[in-house]
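Please keep the sequence and the model in view while reading.

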Amino acid sequence: MGSCWEGIDESRLLIAPVPGANGDGSARFLSLRHPKTGVSTSYLLCNGLLQELHWFKQPYGSWFLGDYVSEVGSLYTATPIDPVFIMLPLFEDARMKKGDDPGKFRQLDEILFVNDYPGYQQLFSIARDCMEIVCESKEIGSTKFFRLDDKMVFAWLHYKVCQLKQTLPALDQNYAAREEKDTLADSVSILGEYLKDDPWLKLLCDHFKLNLPEAKRIAADIEVCPSAIESPVGSSNFSQGKNTSEKKTGRNVKQAKKAKVETESRNIKEMFTRASRRRN
């Protein structure tokens with residue numbers, strides 16, 4: 001869905017799912033910490049699924065929205081992100097691990113209480129459903145407690161790497177022509193965009209015998225967010241072996257009618273680099 005709304009000085013154009021089309025009908029913007037940098041970042045919670053926002057703008061451009069012309073040619077898109085990535089830093093801090101001590105079990109509402117970030121409270125049901133993939137849990141009466149488990153986190157990350165490694169060659173023939181070790185490095189570096197260097201990215205690099213600085217450099221060159229990052233709630237369970245690469249993308253959606261190409265205008269697809277493009 002493409003939608004726009006009036007701001008104080010200018011309009012905004014967002015391509016996102018239609019609220020209510022396949023969910024509870026709600027949509028709201030949340031301010032959360034980026035899982036790698038900790039910087040405040042905007043996300044969209046729509047139909048019970050968490051979406052990350054991407055911003056794009058050409059030096060010169062505008063949008064024709066019906067009879068209205070938006071002079072600001074910027075574009076926002078919302079794409080699904082596996083909420084485990086977003087929750088991982090919170091659960092890591094909450095267990096208060098020291099040395100060989102595995103840490104403490106904590107209640108979910110305690111873990112999701114973050115000063116100046118009330119948006120995490122909106123993710124309670126999502127966290128309850130998805131975080132057992134990387135956490136030990138136990139119930140005392142009607143209360144459930146969670147504790148992040150290093151082995152479970154690594155198993156989940158290992159599965160994500162393998163999933164990406166299988167998905168990347170299918171995206172483009174240039175990826176398919178790459179050597180296996182290069183595809184592996186790409187897969188780890190893509191995940192590294194959502195992981196703190198210590199311990200998780202370093203753990204993956206050590207396991208796959210990759211150089212950490214090189215993996216971080218590769219991540220800066222990759223302009224794609226494949227399916228392993230986009231796994232929605234429910235498909236995070238790698239034990240089921242579900243391959244999210246089968247999920248339809250926007251390119252597979254049938255258009256209602258053929259787009260009219262205007263002189264000196266650009267098709268929206270031309271505004272995005274191909275998944276296989278890398279900076280020199």
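The sections below treat confidence, the sheet and its helix, the hairpins, the aromatic pairs and some local features.

## Basis and confidence

The model is predicted, so local features need a pLDDT of at least 70 and side-chain atom pairs count only at pLDDT 80 or more, while totals for chains, interfaces and linings use all residues. Residues are numbered from 1 along each chain as its sequence is written, and side-chain values use heavy atoms, with hydrogens and water left out.

The pLDDT is the predictor's confidence in each residue, on a scale from 0 to 100. The chain has an average pLDDT of 78, and 70% of the residues score at least 70. Confidence is highest in helix α1, at a mean of 97, and lowest in strand β1 (residues 2–6), at 45. For residues 232–237 the pLDDT is below 50, and this stretch has 16 contacts in the model beyond near neighbours in sequence. Residues 239–280 also have a pLDDT below 50, with 46 contacts beyond near neighbours in sequence. A contact means heavy atoms within 4.5 Å.

Helices (H or I, at least four residues) and strands (E, at least two) are DSSP runs, numbered from the N terminus. Two strands pair if DSSP finds at least two bridges between them. An open sheet is formed by three strands in the order β9-β11-β10, with antiparallel pairing. Its edge strands, β9 (106–107) and β10 (135–140), each pair on one side only.

Strand β11 (residues 143–148) pairs with β9 in the antiparallel sense over two bridges. Within this pairing, Gln 107 has Phe 145 in β11 as its bridge partner. Helix α1 (residues 83–94) packs on the sheet and touches β9, β10 and β11; the directions of α1 and β11 make an angle of about 95°. Axes are lines fitted to C-alpha atoms, for helices over the stretch in contact, and angles run from 0 to 180 degrees between N-to-C directions.

## Two hairpins

Strand β3 (residues 27–33) is joined to β4 by seven bridges, and the two run antiparallel. Leu 32 is placed opposite Thr 41 in β4. The hairpin of β3 and β4 has six residues between the strands, and Gly 38 in the turn has a positive phi of about 80°.

β4 is also joined to β5 by four bridges, again in an antiparallel arrangement. Here Leu 45 stands opposite Leu 50 in β5. The hairpin of β4 and β5 has two residues between the strands. Asn 47 belongs to the loop between β4 (40–46) and β5 (49–56). Its phi is near 55°, a positive value in a residue other than glycine. With a relative accessible area of 11%, Asn 47 is buried. Buried means under 20% relative accessible area, exposed over 50%, and partly exposed in between (1.4 Å probe, protein chains only).

## Aromatic pairs

A pair of aromatic rings is described by the distance of the centres and the angle of the planes. Rings of Phe, Tyr and Trp (its six-membered ring) pair if their centres lie within 6.5 Å; planes under 30 degrees apart count as stacked, over 60 as edge-to-face and the rest as tilted. The structure holds four aromatic pairs. One of them is the tilted pair of Phe 85 and Trp 156, at 4.9 Å centre to centre with 55° between the planes. This pair links distant parts of the chain, with Phe 85 in helix α1 and Trp 156 in helix α4 (residues 150–171), 71 residues apart. Both Phe 85 and Trp 156 are buried.

The pair of Phe 91 and Phe 146 is edge-to-face because the ring centres are 6.3 Å apart and the planes are at 85°. Phe 91 in helix α1 and Phe 146 in strand β11 are 55 residues apart, and their pair also links distant parts of the chain. Both of these residues, Phe 91 and Phe 146, are buried.

## Other local features

Met 96 lies in the loop between α1 and β9. Its phi is near 55°, which is positive in a residue other than glycine. Met 96 is partly exposed, with a relative accessible area of 39%.

Ser 189 is part of helix α6 (residues 180–192) and is buried, with a relative accessible area of 1%. The side chain of Ser 189 reaches the backbone oxygen of Asp 186 at 2.8 Å. In helix α7 (residues 197–207) lies Pro 199. The peptide bond from Asp 198 to Pro 199 is cis, with omega near 10°.

Conventions. Polar contact = N/O pair within 3.5 Å; in protein donor to acceptor, adjacent residues only side chain to side chain.
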